[in-house]
Structure formats: C-alpha cells, structure tokens
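Biologist: Please take a close look at one part of this protein, following a single position from its place in the fold to its surroundings. I would like a careful, connected account.

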Amino acid sequence: MNLRCRLVPAFLLSVALASFLGACATNRVEENVDLRLVDLQLEGITVLETSAVFTFRIQNRLSEPLTIEGGEHKIYLNLRYIGSGVSKETLIIPRLSEGIQTVKIRLTNLATVKRVADAIASKHTTYRIESVIYAKDQGQSVHVAVARRGDLKLKSVPPPAAPRRAPLFK
C-alpha cells in the first residue's frame with residue numbers, strides 16, 4: 001500500500017510534465033511563425049471554373065531552420081468568404097528568414113469570381129485568413145494555427161503592350 005501511494009503521485013507528475021513539455025514545443029513554433037497574404041491573382045479564367053492564386057509569406061523567427069510540410073487556408077476578402085485551399089509543398093525556411101507558399105483555390109461561383117476580380121481591380125482589399133501550417137520542429141510534427149487580419153495593397157500591373165502591326169510593304 002505504501003508503494004502504491006508513492007507511485008500514483010509520481011505517475012501523475014510525469015504525465016503532467018510530459019503534457020507540459022509537448023505544449024511548449026507547439027507554442028514555441030506558434031509564437032515564432034508569422035503568415036501574411038502578399039499577393040492575389042486570377043488564373044485560368046473559363047466559364048465554368050476560375051482559379052485564384054494566393055501568395056503567402058511565412059516568416060520564421062526561430063534561430064534554426066523550419067521545415068514547412070504544407071498548409072490549409074480559409075480566405076476571406078472584404079469580410080466575405082472566398083474559399084479554402086491546401087498546399088502540399090515542402091518548404092525549408094532558413095533561420096530568421098522568410099519563405100513563400102502559393103495556394104490555388106478553384107472558384108466555381110460567379111459571384112465569388114467577381115468579388116476577387118473587384119478586389120484585384122481596386123488594388124486594395126482587407127483580408128482574413130484562418131490557416132493551419134504543418135511543420136517539423138526538432139523532428140516532431142507540429143500544427144501551427146494562424147489567424148490573421150490585414151490589408152493587401154496590390155501593385156499596379158502595366159497593361160499589355162499593343163500588338164505590333166506588320167508593315168504592308170518592305
């Protein structure tokens with residue numbers, strides 16, 4: 001009986017310590033990873049389906065490299081849900097550095113395509129993202145939840161050059 005009384009507290013203490021250490025590993029990465037939307041483009045415009053390509057900048061504030069194994073992102077523009085997309089791209093971000101991840105979202109709703117096109121045309125939009133980044137930290141897989149609101153200012157894209165006409169006579 002005396003042995004049991006000593007083992008139960010020791011077991012509970014070790015379970016609590018293991019839980020605490022596991023939580024610290026996740027918090028360490030979550031506190032040192034930042035995600036921002038930096039670009040938005042429409043691609044492959046057709047009658048039935050259009051793709052929106054979202055470019056994210058992932059910042060690694062850790063003092064060692066961080067391996068990103070993919071991510072899932074829910075995207076809102078001007079308070080309206082646009083869609084969700086995933087990336088399976090593996091990205092190694094050096095210590096105290098940044099990396100780029102692109103996510104393609106298929107837009108099948110014409111109203112959603114118009115919202116994205118309007119945001120691009122206005123050169124400015126507010127966004128909200130709810131993301132989960134899958135990473136490796138010290139050999140352990142971690143999920144980093146990121147929720148961010150921000151403003152996206154799109155650069156002016158010069159209009160395409162007018163086609164040159166062939167001379168009538170040489």
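Modeller: Ile 68 belongs to strand S3, which spans residues 66-77, strands being DSSP runs of E with at least two residues and helices runs of H or I with at least four, both numbered from the N terminus. The model is predicted, so that local features need pLDDT of at least 70 and side-chain atom pairs count only at pLDDT 80 or more, while totals for chains, interfaces and linings use all residues. Residues are numbered from 1 along each chain as its sequence is written, and side-chain values use heavy atoms, with hydrogens and water left out.

Ile 68 counts as buried because its relative accessibility is 0%, where buried means under 20% relative accessible area, exposed over 50% and partly exposed in between, with a 1.4 Å probe and protein chains only. Setting aside residues up to four places away in sequence, Ile 68 touches Ile 58, Glu 89, Thr 90, Leu 91, Ile 93, Gln 101, Ile 133, Tyr 134 and Ala 135, a contact being heavy atoms within 4.5 Å. Ile 92 lies 24 residues from Ile 68 in sequence, and their C-alpha atoms are 6.1 Å apart in space.

As for the setting of this residue, the protein has two helices and eight strands, which follow the pattern α-β-β-β-β-β-β-α-β-β along the sequence. Of its 170 residues, 31% count as buried, and among contacts between residues at least 6 apart in sequence, 65% join residues at least 24 apart. By way of contrast, Ile 45, in the loop between strand S1 (33-43) and strand S2 (50-60), is exposed, with a relative accessible area of 60%.
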